[in-house]
Amino acid sequence: MARVSPVEGEDRVSELPDEILVSMLSRLTLREAVGTSVLSKRWRYVWTCISVLNFHANDIYLPRYGDMNNYSKWVSGVLAQHRSPNVDEFSVCYNLDAKHSSHIDQWIKFALSNRVHKIELHLSTIWSWPSPNRCYTFPNRLLGLSAFGLRLNNSLNVCVGFKSLKTLSLKAVDVGDEAIEYFLSNCPLLERLSLHLVFALRNIKVVGPSLLLRRLEVVSCLRVESIVICDTNLVSFTYDGYTKLRMVLKNAPQLVELQILRLTVFHWKRERFSAYMLPELKNLEQFVLVVDRWSGASLLGYLAMIKNWPNLQRFVLQLSSRQLIHEHDEEGEGAREDLREAARYCHPCLKKVEIAGYCNTCDFELFKQIIKNAVKLEKIIIDALANPDPDRDSKSKNEEEYKEISLEQLLKTKLPPRVELVML
């Protein structure tokens with residue numbers, strides 16, 4: 001076959017089938033994909049069939065906030081030209097509030113009508129904290145629910161658009177308890193649910209072995225009062241919140257990753273000690289705990305929390321204290337004895353322990369217990385200067401001294417040869 005020169009015909013890439021060209025464009029940013037329409041007549045409408053629609057402000061050089069009207073026009077304009085019957089990913093990432101509800105409602109309808117697999121509605125960036133009274137509210141009518149969460153009579157066919165949904169991520173989007181229950185009950189393929197800054201939530205229930213849900217994130221949903229996870233196949237659960245809530249974890253045999261990113265323990269009072277203990281999770285492999293630590297609170301309590309997890313392999317404890325911890329016993333001898341007893345449990349699979357923010361010699365008892373009871377321990381990492389005090393300049397010398405003393409004490413314990421100690 002004679003070679004066709006660029007002068008005689010189109011380039012070879014343009015001769016590829018539409019399916020291949022669409023697949024290529026789906027790997028570009030949306031702005032780059034739309035830009036290919038000016039290459040030639042052959043390319044003019046190829047981008048309209050892409051299945052990945054990620055509307056990120058950086059793609060069209062919009063500011064991250066403040067230009068809501070132009071952003072809305074951009075999204076609506078692209079969707080008006082889109083031709084593909086299927087959408088794999090649909091992502092909106094911009095500061096939008098209730099004033100733009102009509103546009104956002106239409107975008108969601110578009111995604112659902114195209115059998116979307118992944119929906120991300122991130123209507124607040126890290127540069128802005130949304131006002132609960134101005135947040136966009138997910139339209140209950142799309143779920144066949146009334147504004148009060150009651151099922152409507154004409155809702156039999158409403159859930160068809162949710163049958164293909166695998167990932168749902170909502171940030172600064174208000175949905176109530178009834179809507180979350182609807183998603184879990186009517187999205188048979190839903191594997192990941194992420195809820196950030198959802199202020200209407202009160203009670204979250206993930207219950208039943210029929211659910212396919214594997215990953216659940218609940219972050220900064222400040223009004224949540226309870227989370228119940230029971231009889232599920234959940235693999236990963238992340239919770240970050242300042243409120244005191246009732247958390248139930250029961251019969252989750254596949255849960256291997258647990259992150260609690262905001263826990264405040266003022267003191268391990270004996271009468272409240274059992275309230276902080278987490279349930280038995282036989283297959284849990286990784287636990288990340290971020291805590292607000294106050295003067296006098298023992299680190300032994302956090303080691304005691306993991307006593308019911310025989311398969312735990314990695315334990316990460318991040319301390320966000322803003323003060324040096326001094327050595328005084330405000331918890332009382334009863335609580336201290338409970339802590340010591342709970343911390344004596346063997347951790348047969350624990351291989352790696354990471355502690356950030358450790359800055360006090362009085363916490364040395366924690367490491368003695370870890371070294372004694374973690375028979376397969378391979379590595380201890382201590383980042384003494386993580387999460388420093390705002391007045392770090394005036395305290396840096398003291399912190400360095402604490403770090404050196406801590407290291408010296410650890411060395412005196414005669415770590416087994418298999419254990420590597422890393423001081424950051």
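In helix H8, the buried residues are Phe364, Leu366, Phe367, Gln369, Ile370, Ile371 and Asn373. That makes H8, which runs over residues 364–373, a mostly covered helix, with 7 of its 10 residues buried. Keep in mind that this is a predicted model.

**The open sheet**

- Three strands make up an open sheet in the order S8-S10-S12, and the pairing is parallel.
- S8 (203–207) and S12 (246–250) sit at the edges with a single partner strand each, so each has one side left without a neighbour in the sheet.
- On average, neighbouring strands here are turned by 5° against each other, if you ignore direction.
- S8 pairs with S10 in the parallel sense over 5 bridges, and in that pairing Lys205 stands opposite Val228 of S10.
- On its other pairing, S10 (residues 226–230) joins S12, again parallel and over 5 bridges, with Cys230 standing opposite Lys250 of S12.
- S8 has two faces: Ile204 and Val206 are on the covered one, while Asn203, Lys205 and Val207 are on the uncovered one.

**The nonpolar core**

- The largest nonpolar core holds 106 residues, and the ones touching the most other members are Phe55, Phe90, Phe183, Phe237, Leu258 and Phe287.
- Helix H4 (residues 101–113) is the top contributor to this core, giving 6 residues.
- What does Phe237 touch, leaving aside residues up to four places away in sequence? Its contacts are Leu216, Val218, Ile227, Ile229, Met247, Leu249, Leu255, Glu257, Leu258 and Gln259.
- Among those contacts of Phe237, Ile227 and Ile229 fall within S10 (residues 226–230), and Met247 and Leu249 fall within S12 (246–250).

- You'll find Asp231 in the loop between S10 and strand S11 (236–240).
- Its relative accessibility is 30%, so Asp231 counts as partly exposed.
- Beyond residues up to four places away in sequence, Asp231 touches Gly208, Pro209, Lys250 and Asn251.
- With one of these, Asn251, the Asp231 side chain makes a polar contact, side chain to side chain, at 2.6 Å.
- Lys250, another of the residues touched by Asp231, is the S12 residue that stands opposite Cys230.
- Asp231 and Val206 are 25 residues apart in sequence, and their C-alpha atoms are 8.4 Å apart in space. Val206 belongs to the covered face of S8.

**Ser124, another loop residue**

- Ser124 has its place in the loop between strand S3 (118–122) and strand S4 (136–137).
- Is Ser124 buried or exposed? With a relative accessible area of 2%, Ser124 is buried, whereas Asp231 is partly exposed.
- Ser124 touches Tyr94, Asn95, Pro130, Lys171, Ala172 and Leu197, again not counting residues up to four places away in sequence.

**Cysteines**

- A disulfide is a covalent bond between the sulfur atoms of two cysteines.
- How many disulfides does the model have? The count comes to 0, with the cut-off for a pair of cysteine sulfur atoms set at within 2.5 Å.
- Cys49 has 31% relative accessibility, so Cys49 counts as partly exposed.
- Cys93 also counts as partly exposed, because its relative accessibility is 27%.

Conventions:
Residues are numbered from 1 along each chain as its sequence is written. This is a predicted model: local features need pLDDT of at least 70, side-chain atom pairs count only at pLDDT 80 or more; totals for chains, interfaces and linings use all residues. Side-chain values use heavy atoms; hydrogens and water are left out. Buried means under 20% relative accessible area, exposed over 50%, partly exposed in between (1.4 Å probe, protein chains only). Helices (H or I, at least four residues) and strands (E, at least two) are DSSP runs, numbered from the N terminus. Two strands pair if DSSP finds at least two bridges between them. Axes are lines fitted to C-alpha atoms, for helices over the stretch in contact, and angles run from 0 to 180 degrees between N-to-C directions. A nonpolar core is a set of buried Ala, Val, Leu, Ile, Met, Phe, Trp, Tyr and Cys residues joined through side-chain atoms within 4.5 Å. Contact means heavy atoms within 4.5 Å. A polar contact is a pair of N or O atoms within 3.5 Å; within protein, one must be able to donate a hydrogen and the other to accept it, and residues adjacent in sequence count only if both atoms are side-chain atoms.
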